[in-house]
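Hi there,

Here is the structure I promised to pass on to you. Have a look at it first, and then read my notes below.

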Amino acid sequence: MGKAARLKRERAQARATPVASPRVPRELGLAVALAVVLAGASIGFIESARPAPPPAALAHVEDVTRAYVGVPQHGGTLGRADAPVTMVVYLDPQCPYCGEWERSAMPELVTRYVRPGALRVVVHGLHFVGPDSERALRLLDASALENHFFQAAELLYWNQGEENTGWVTERYLRSLAYSLSSDPERLLTDRGAVGVQAKIRADELAAAHDQVTSTPWIELGRTGGPLSHVELARLDANAVAPLIRRLAAEVAS
Amino acid sequence: MTRIAAAAVVALGLGASSYLTYVHYAGGRVACPTSGCERVQESFYATPHGVPISLAGALLFLALGALLFLGRQRLRLLETGAALGGAIVAVYLIGVQLLSLHAICLWCLTSDVALVILASLAVVRLIVERPPAHAGAGAATGVRGVSKR
């Protein structure tokens, strides 16, 4: 057999060898698309079964719980309805000065004035610092539906994180709920309740009406009478205690 | 050749996943040289929504075995897609064991690696083992049965 004949035969064999047809990339593309759909559905199914993270231990749970035992509380109002003096407080869950106020002033005010029936406290929650504020506020206002607002607020401030760092995680909120409520899952669900939305809106309107420009914003006055804004020189109970005593004395006389 | 290799890998993966499924329903302990199997099997990844993932794996291996046995060209795309999908999930589950659970279940790993190998073989078969599409002018252009006069 000559060289030319051999070359011709080799070329013929090369032509007869199966090669990837132009349909292969298209079929491979379809197979990859099918694979992505199947895998996505499977991984989604597995991940949807992921259990909720366990609640973390929070600081000062027992102190806060003990501080409010026996003190009348309804929604965002703490203390007896017939208390002679009313203090209105505007707070943002992320505001660090609000945290200082809640940790320093509130425990003492509750012990010295609210528990004996001299002071009634009304709190309005705001959420102007950032998205974490609203997430936290929703849980506080859901706690108000169960009449646990003040425990929730104080516990939140004892475990407060840096502003707008994403510290109000779902795990953090679950920890708060499990520390506060006998029905924590319901409390967590109530964050989306109509009552919570209504309270957020009502507090926004109240802040606009009172021309609140910063937090913590404190107003004091006789119960049922006009309230006056108090410029806080310090963030502890002594910043308002003399005024509370004076107002209570005026009402008593 | 790749078909025989794929059949062997299907048998291996089916054996591992069937064993895990059997242990799940029989309620015994997984025979394992390390404590990893138990840790992995106790995690939610092993039984999402109560469905043993090993059972899903066994069913996938059975399906891939059936497609391999039938050897139909028109089912090749389904076979490749299912094998690739299984391989993606297998890689995800290997990642879960290494990065999330910090434990390795040898039976699961066998099954996962089997799926990755099967996917590779399926892709090779899809690309290389084509029906005789000869590289003539007709095959190249997709035109067949045109005779020259």
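**Helix packing and cores**

The crossing of α4(B) and α5(B) is left-handed. Please keep in mind that this is a predicted model. In chain B, α4 covers residues 76-101 and α5 covers residues 106-127; they pack at an angle of about 145°, and their axes are 8 Å apart. On the α4(B) side, the residues that meet α5(B) include B:A83, B:A87 and B:I94, while those on the α5(B) side include B:L115, B:A119 and B:A122. Sorted by class, this contact has 16 nonpolar, three polar and four charged residues.

Helix α5(B) has another partner to look at. Helix α1 of chain B (residues 2-26) crosses α5(B) at roughly 155°, and the two axes come within 9 Å. The angle is over 145°, so α1(B) counts as roughly antiparallel to α5(B). This crossing of α1(B) and α5(B) is left-handed. Among the residues making the contact are B:V10, B:G13 and B:S17 of α1(B), and B:L118 and B:L121 of α5(B). Here the classes are 15 nonpolar, five polar and one charged.

Now for the cores. Which residues touch the most other members of the largest nonpolar core? They are A:L119, A:L140, A:A152, A:A153 and A:L176, out of 52 residues in that core. Helix α4 of chain A (residues 96-114) gives the most to this core, with eight residues. Beyond its neighbours within four places in sequence, A:A152 is in contact with A:L139, A:L140, A:S143, A:L176 and A:L180. There is also a second, separate core of 40 residues, with B:V10, B:I88, B:A119 and B:A122 among them.

Enjoy exploring!

Key:
Residues numbered from 1 in each chain as written. Chains lettered and ligands numbered in written order. Predicted model: local features only at pLDDT ≥ 70, side-chain atom pairs only at ≥ 80, totals over all residues. Axes fitted to C-alpha atoms, helices over the stretch in contact; angles between N-to-C directions. Helix = DSSP H or I, 4+ residues; strand = E, 2+ residues; numbered from the N terminus. Left-handed = near helix turned anticlockwise from the far one by under 90°. Contact = placed C-beta atoms within 7 Å. Nonpolar A, V, L, I, M, F, W, Y, C, P; charged D, E, K, R; others polar. Core = buried A, V, L, I, M, F, W, Y, C linked by C-beta atoms within 7 Å. Buried ≥ 20, exposed ≤ 12 C-beta atoms within 10 Å, placed from the backbone. Parallel < 35°, antiparallel > 145°, perpendicular 65-115°, else oblique.
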